[in-house]
Amino acid sequence: MPAGPGTRTHCPYCALQCAMTLSPPDDDARAVGAPVTVAGRDFPTNRGGLCQKGWTSAQVLRAPDRLTTPLVRDADGELRPASWDEALDVVADGVRRLQAEHGREAVAVFGGGGLTNEKAYALGKFARVVLRTPFIDYNGRFCMASAAAGANRAFGIDRGLPFPLADVGAASAVVLLGSNLAETMPPSTAHLGDVRAQGGLVVVDPRHSATAALTDDGGGLHLQPVPGTDLAVLLGLLHVVLGEGLADEEYLAARTTGADEVRRSVAAWWPERVEQVSGVPADLVRRTARMLAARAALSRREGRGGVVVLTGRGVEQSSQGTATVSAAINLALALGLPGRPGSGYGAITGQGNGQGGREHGQKSDQLPGYRRIDDPAARAHVARVWGVDPDTLPGPGVPAVELLRHLGTPAGPRALLVHGCNLVVSAPDADRVRERLRALDLLVVCDLVPSETTRLAHVVLPVTQWAEEEGTMTSLEGRVLRRRRALPPPPGVRSELDVLHDLAARLGVPTGFPTDPAEVFDELARASAGGVADYSGLSHARLDAAEAAGQALHWPCPEGSAGTPRLFTESFPTPDGRARMVAVDHHGPADDLRRDAPIYLITGRVLQHYQSGAQTRRVPALATAQPEPYVELHPLLADRLGVSDGELVEVTSARGTAVAAAHVTPSARPDAVFMPFHWSGEGSANRLTSDATDPVSGMPEFKVCAVQVRAVGETSRGAADELEVVR
Amino acid sequence: MRVVVVGNGMVGSRFVEDLRARAPQAEITVVGAEEYEPYNRVLLSEVVAGAVGVASITLPTSDVDGVRVLRGTSATALDRTRRVLVLDSGEELPYDHLVLATGARARIPSVPGLERLPAGVHPLRSLDDAREIVAATVNTRRALVLGGGVLGLEVACGLRRRGLAVTLVHGGPHVMDRQLGDGAGAAALAGLTRLGIEQRTGVVAAEVHVSTFGTAATWGAPDGATADVATTDTGAVSRRVTGVRLTDGSTVAADLLILTAGTVPDVDLAERAGLEVRRGVVVDADLTTADRAVHAIGDCAEPPEGGTGLIAQGWEQSRRLAAVLAGADAPTSSPLGGTDVVRLKAHGLDVVAMGAPVAGARTVTLSDPAAGRHVEVSVADGAVVAVACVGAPEVGADLTTAYTRATPVPADPAQLLLRPVRGAATTAEPSPTLMPDRATVCRCNGVTKGDIVRCWEHGARSTDDVARATRATTGCGGCTEAVCGLVDWLAKASPDPSAGAPHSRTANGAQPASTSPAAVTLSEPVPSGSGTAQRRVPSSRS
Ligand SMILES: Cc1cc2nc3c(=O)[nH]c(=O)nc-3n(C[C@H](O)[C@H](O)[C@H](O)COP(=O)(O)OP(=O)(O)OC[C@H]3O[C@@H](n4cnc5c(N)ncnc54)[C@H](O)[C@@H]3O)c2cc1C
Ligand code: SF4
């Protein structure tokens, strides 16, 4: 461990992975029951900053209801404490029995983007080698799947940011599409200071979000499209860039293919049509495109002040999410950005290890190293590392939403192992997900605290938290970071690596599941060698040494490499070395407005909570600041509905109904309401969301659906019934 | 299934795409009279204006595997009994389904002098027309645009953008009178005047003056303009427009005359084949004629709700017919609101109009002639049913989405006349004194002004102290200035910290500004809010 007092690690939550130092508890920490003191640490991404989630993260370590003993559902249907042996036997027996009766595919695995690289890798291997089921997928499907599919088809590689985040700080223009990073990863906005000073920040968001507000007062431009029409806006920007002769034609000719089809496809998206579809004034579309093109040209001439295009979940979690990412990439390519130092396209990863989590085999169609499971060479390589016959490896499974839909159906899986995911809150069409989980013969959930999903489980296994374990995380900029242990887990709590090891042994695979994270990493490195996401030059020791020396290691990092902070400077990892432009078209949301559902619902996050809120809802400071679910609506809509601030409103979609307190704010569009998705129960946004998916990525359309909104006529009942649900 | 499409324009070519997506096995042949690949006709006015290049209006090609494309080929007859389409090449194409997408032609007014179009006179419908107009602008000083509908306005503004002197002649009381009432029309006229476009309304052309020059060869017409050279009985003579006499007896000189007097659906083929034709080819809701094997879409069609001559309708029809022919469930629900949005694409003049007021509608109007702004909105059954909006592009954009999606209108429809104020989410307010205690100063850590005041009262004396205690400024750092400002303000308020702030105050810190020491409130300079107001005053002069 590097010198200096305290444990140098990173925040447990989002993909910014802010650097923090954990030291013995001071008075303040003790006062809130935290076993360590958290301090921000200077680092290129967070520049020493942390958001409130990070500052308070240590409190979750001692959450009063922390799980410290396995739970097994007894004959009466009650979850009761059990020993580890007993619990693991129940799991192993259940798996064996169900697989004997229904075949190997009767057991499925659901992973998470918060797991360390080591755990994600071990989980993928466990599914393929021990369970030998094709059915594994993870919640990253709700998060990064469209960005991944779009980047892969254009660049032949998917690394969220193909350049260090710090590049954004030196840009002269930054386009943020559907990303509310002022709310989701506040310290990152420190990198936007200079670009705002130059009026170069462009935010595309249906809400005047905290991030959109950064464009106020000359900071830049806010384009506020009707929900679900961001793609049309992008096509319009591209139309202007190509139609007005503002594109970097030299770059297009030298470094891309497919420009002609894209040019033709956007000929049909002139700004006035874009305005009609999206509500973004034609003139604003033109101004934005011209500003971006002018700055891109200037940066080409002067070699500084690049232009960066970034997408987030707001545009990706859509039934046309992959198309939207392709359009954003096409815009970046037309401006000649990718591969030019200081410029480029990137997707802002959401979950802590959303990046690493998708590289090491948790995805239904992938093997470690971002290899395709249907590629014979990839299978042979990985099988060799695993010491198994390639033919025993299962083929591709199905993406998350499809997997969930089939759980407990006659032809679908009968058992599910869940790791690092609170499905009941975070998956779309939550009521149906709950139903599917209830239909299972065996639901095993590993978690830190009781969650809405553990409540449905047959077996609950208590596992370690970030400060109690060693491992690695890959941040939003593709940098591999060390997570370090500051204190031992509470008695009774085990790491998922232990769990997988013990289960494998019970299921007849006594070797191949080491419990030492460094050892797991070394195997991961070997398995990834030669793959797109090559970690073979990395080890815990090397990462420690590099950090001590102030060096960053970004993948790909094959043996002998110093890592790759910037991709594409010479060529793209595609067969011909060129980026592929893919023509796409806008169709609109799957669940569009109807007479009985004349308002859009958009969903998203708030600063104080992370994902399904299972962790952050347990931190009093966060819970107080953002105690309950709410529905944000514009004063004009509130007036029309006869609702005032704080009163309850009922939101109904074709799938379900939710009730939550009204937050009346002019930052909303009058035709759309917003709900954060961190809560379960009657205010759960994902009871309403649509499980329509993107045809390419399988990403569900979380961000937009059609709803009816009406006043309930009572004021908010407060947070009490919220916590009750979690019991 | 053999499908033959007549017309490879905007709708015909889109239909080929749509049908291929729905029914990949269909054998498709598309016949187009124009030599070109399909292009975006809508952008021809932008080409005339010099705003987009010809190269960038080409649409996705229909020339893909499984589709036979016959460019530069006209269909000359439709034999419905034998189910064959006859081409000018003599070839006969058998079909199971025939789709007419022949579009429309420019209407040429019957005015003496226009029996044959002299040089310098152009309609604007095809790429060739646009190219010729662009070429002509090089040697032209005075242009006259005949017809003040949408297209006429676009052309007039476009030519003006190229620096020509432009006169717009319109028979109605004001331009775009099909879409705009008097108030909106007046605002549009004002807008045109501001752009320097001369207007003559309430008059039409009585005669086009033409001068006759030697032979065509000596005139040297630009390439491709040979169609403008008429051959008279006496030999090859070039006739060229010099001006137009209007019905009020006046004459306007012009060396370029653009005809924008409306369009006529191209229905020849259907008419001769005995299909029912009114203005366009009559079709039912499924875009099918009385002959179930013959369909019509786009500008040539006349569906039950009537043709709009707008592309949105044509593309919607294309999607629907593709679904019908593919045997899929046709999209049952028509779009919620209307699609008849007429949006002017002119540089310097913003006009958008849609719908029509229905009986019992409530109409609200904002009239601002001095600013060239006029907004008129009709509301019925809680939705926008008609809009005329001039000189207010952002309001127009909002109204368009409200109209096309039929979203609920505000309780008071007058709210629709201005952009609803879009406030910032929750940024710190500028003045420490006016800021309520519950105002968030540091978003990252959820620190309010009240928290900072309490922190001061507990002994914090610097920004660093505050940061340590509340973590304000330790996230993105964006609030550092605001926190410094608060600390300074608190320091001024209680210059002698040893005297100690009365700690009992913290108990009622929830009351807005209750923690603000009174002395400071009085000494605080003018709140910055009124500074903004002052700045606005001089700007209104400009
Ligand atoms: C300058 C201009 C600006 C416009 N601006 C707008 C606008 O802003 N918004 C809007 O909504 N609409 C606008 N329009 C209208 C829009 O262009 C039409 O609605 C659209 O082109 C209709 O498409 P279509 O395929 O039906 O007809 P067209 O695009 O006219 O295509 C018909 C094709 O069929 C061919 N054809 C005809 N007869 C035969 C035959 N017998 N054999 C073979 N081929 C044949 C023609 O040559 C032509 O290529 C504009 C039109 C113009 C001219
Ligand atoms: S949640 Fe994200 S932004 Fe907040 S401290 Fe943790 S890593 Fe940083």
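Helices here are DSSP runs of H or I with at least four residues, strands are E runs with at least two, and both are numbered from the N terminus. This is a predicted model, where local features need pLDDT of at least 70, side-chain atom pairs count only at pLDDT 80 or more, and totals for chains, interfaces and linings use all residues. Residues count from 1 along each chain as its sequence is written, chains are lettered from A and ligands numbered from 1 in the order written, and side-chain values use heavy atoms, leaving out hydrogens and water.

Now show what covers α12(A): the cover, by contact (heavy atoms within 4.5 Å), includes α9 and α13 of chain A, plus α1, α8, β23 and α9 of chain B. Step past the helix end to Gly279(A), whose phi is positive, near 80 degrees.

Next, select ligand 1. Which residues come nearest? Among the 31 residues around ligand 1 (a heavy atom within 4 Å), they are Val11(B), Glu34(B), Arg41(B), Arg125(B) and Lys345(B). Zoom in on Glu34(B): a polar side-chain atom sits 2.5 Å from an oxygen atom of ligand 1. For Arg125(B), a side-chain N or O atom is 2.6 Å from a ligand 1 oxygen atom.

Finally, color chain B by domain, using bounds from an automatic or database assignment. Domain 1 (2-105 + 263-325) and domain 2 (121-259) both give residues to the shell, so ligand 1 lies between them.

How values were computed: Polar contact = N/O pair within 3.5 Å; in protein donor to acceptor, adjacent residues only side chain to side chain.
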